[in-house]
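Try each task before reading its solution.

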Amino acid sequence: LDSEDWLLFHCRAGVGRTSVFMGMYDMLQNADAVPLQEILARAGSRDLNEIKGGPRQPYYAERHQFLSWFYRYSQARLAGSRNPVAPIQWAPSQIC
């Protein structure tokens with residue numbers, strides 16, 4: 001994107017999915033210079049580092065695992081890898 005371009009991320013509540021996509025975009029730009037925990041903390045109104053308990057705990061844990069994989073993909077991409085891990089290889093077979 002050009003420096004003058006804007007991106008808009010928004011979901012119904014504007015916190016979970018929006019924060020995930022903001023974090024993913026940040027990773028694609030900065031994973032070579034910014035730690036994962038910092039990117040997830042600044043991604044939006046929710047701290048994506050937090051894995052809460054309760055009935056949605058498995059969802060939060062899976063989301064954090066996916067974002068960790070995506071961070072490694074982004075690092076490889078920014079390091080110039082011509083063949084970073086394909087998206088289908090990020091997740092365990094039971095998720096795909």
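## Contacts and fold

**Exercise 1.** Take contacts in the chain between residues at least 6 apart in sequence: what percentage join residues at least 24 apart?

Solution. Start with the contacts between residues at least 6 apart in sequence. Of these, 48% join residues at least 24 apart. The model is predicted.

**Exercise 2.** How many helices and how many strands does the chain have?

Solution. Count the helices: there are 3. Count the strands: there are 0. Read along the sequence, the pattern is α-α-α.

**Exercise 3.** Which residues of α1 are buried, and what covers them?

Solution. Buried means under 20% relative accessible area. In α1, Gly16, Thr18, Ser19, Val20, Gly23, Met24, Asp26 and Met27 are buried. Their cover includes α2 and α3. Across the chain, 28% of the 96 residues count as buried.

**Exercise 4.** Which residues of the largest nonpolar core touch the most other members, and which helix gives the most to this core?

Solution. The core holds 14 residues. Met27, Leu40, Leu48, Leu67 and Tyr71 touch the most other members. Next, look at the helices: α1 (16-30), α2 (36-42) and α3 (57-78) each supply at least two residues. α3 gives the most, with 4 residues.

How values were computed. Residues numbered from 1 in each chain as written. Predicted model: local features only at pLDDT ≥ 70, side-chain atom pairs only at ≥ 80, totals over all residues. Heavy atoms only, no water. Core = buried A, V, L, I, M, F, W, Y, C linked by side-chain atoms within 4.5 Å. Buried < 20%, exposed > 50% of the residue type's maximum accessible area, 1.4 Å probe, protein only. Contact = heavy atoms within 4.5 Å.
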